[in-house]
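Here's a quick briefing to read alongside the structure. Take a look at it first, then work through the points below.

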There are 2 protein chains.
Amino acid sequence: MGRPRTPLLDRERITTTALQLVDEQGDFSVPQIAKRLGAQTGSVYHHVDGRDGIVELLRERVAAAIDPGTLDATPWDRALESWARSYRAAFAAHPRAIPLLMTSPVRAPGVLEQYERAVTLLRDAGFAPAAVMPLIIALENLVLGSALDLAAPETMWELTEDTPTPRLAEALAAVPEGRADRAFEVGLEALLNHARSHLTAGPPPAARR
Amino acid sequence: MGRPRTPLLDRERITTTALQLVDEQGDFSVPQIAKRLGAQTGSVYHHVDGRDGIVELLRERVAAAIDPGTLDATPWDRALESWARSYRAAFAAHPRAIPLLMTSPVRAPGVLEQYERAVTLLRDAGFAPAAVMPLIIALENLVLGSALDLAAPETMWELTEDTPTPRLAEALAAVPEGRADRAFEVGLEALLNHARSHLTAGPPPAARR
């Protein structure tokens, strides 16, 4: 009495519960969220814009772990590199959310703003409009593929005598640990070098805008 | 009588059913497979090496769509490029299998043999043992990230007036269609160029083996 009770339902709690479900089983349903929160399914729908709205709340929540300051670094390639590293770490914490978020359209305001900042970074660096999204998406494909790879077992190839693979064995032995990080570094360096060379080889800045 | 009946259970049918379940829901359980095939769960286990064995049957089935001839092309970078394209197409047909297969250790003999061939291609081209798996894994992260992206809606960013994103809008309008393919091409070219330059800049071939 006099002391406010914690509300049974709010967007924060719905998001937290949806993310727990996705972490556990790779997906969620609204009735499952309602059950965990001890509420009716219809009550959950009062707080969110349908199932798709919950997906966008999940996107905001996972992307909130990306350090927003990374995109302010200079020069642009250092900013892009820092953003990619922070992006990978944020999604590696929730690998089972990756397929869900990669295959649903982006509507979350905070995430759209982050894309706007990344596009602005690259446009200001001198990239032509048509070059920007292919570069960002290629980087995201690498980042999210690598984030999924971080959820893989460290011993990813289980060799047996039934299938002789001597050169695979040699190549695996040459990278005794941290293979996921090493692979990410190779891909990131490749994309950054490619972007730098694209910029250098392109038309002069005046023609790009 | 006299005519053999189609067996209720065999590895082929178990694999087909497991893949249908993964395509539908991103995962499978052995009881679900049994139910669809009208069999007892215990009977399914008589045909396979546990749940993990079914995952490896799925891996063999999905990877069987990768054209094995790609790795025979010359020079090595053309082979790697063709393999990456075929690999992406094979997994793009079953995007929901990607997280499952990326996070389970590889035991399938046919798939291990394919890695052996890819490693051999790169070793014979002159790559040092420690450079091979990071390059292959970086390529796979890009390929599988891009395969997941192919399952995304063509309109992936849904802009609204509530969140002003003029430069994102301009960048999206500059790539009116085929953004997933364009991004894959950028990433693939970046990784191939990086690998070529790594090879050129490295020690002489005699020192690499």
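Across the interface of chain A and chain B, 16 residue pairs are in polar contact, both partners at pLDDT 80 or more. A polar contact here is a pair of N or O atoms within 3.5 Å; within protein, one must be able to donate a hydrogen and the other to accept it, and residues adjacent in sequence count only if both atoms are side-chain atoms. This is a predicted model, where local features need pLDDT of at least 70 and side-chain atom pairs count only at pLDDT 80 or more, while totals for chains, interfaces and linings use all residues. Residues are numbered from 1 along each chain as its sequence is written, chains are lettered from A and ligands numbered from 1 in the order in which they are written, and side-chain values use heavy atoms, leaving out hydrogens and water.

**The side of chain A that touches chain B**
- α6 (97-102), α7 (109-125), α8 (129-150), α9 (166-173) and α10 (179-201) of chain A each supply at least two residues to this side; helices are DSSP runs (H or I, at least four residues), numbered from the N terminus.
- α8(A) gives the most, with 15 residues.
- By type, this side divides into 35 nonpolar, 12 polar and 15 charged residues. Ala, Val, Leu, Ile, Met, Phe, Trp, Tyr, Cys and Pro count as nonpolar, Asp, Glu, Lys and Arg as charged, and the others, Gly among them, as polar.

**The two chains together**
- In all, 62 residues of chain A are in contact (heavy atoms within 4.5 Å) with 62 residues of chain B.
- The chains bury about 5400 Å² between them, 68% of it on carbon and sulfur atoms; that's the accessible area (1.4 Å probe) the two parts lose on being put together, summed over both.
- There are eight salt bridges between chain A and chain B, each a side-chain nitrogen of Lys or Arg within 4 Å of a carboxyl oxygen of Asp or Glu.
- Arg96(B) and Asp27(A) meet in a salt bridge, at 4.0 Å from N to O.

**A closer look at Leu142(B)**
- You'll find Leu142(B) in helix α8 (residues 129-150) of chain B.
- Leaving aside residues up to four places away in sequence, Leu142(B) touches Ala138(A), Asn141(A), Phe184(B), Gly187(B), Leu188(B) and Leu191(B).
- Leu142(B) and Gly187(B) are 45 residues apart in sequence, yet 6.9 Å apart in space, C-alpha to C-alpha.
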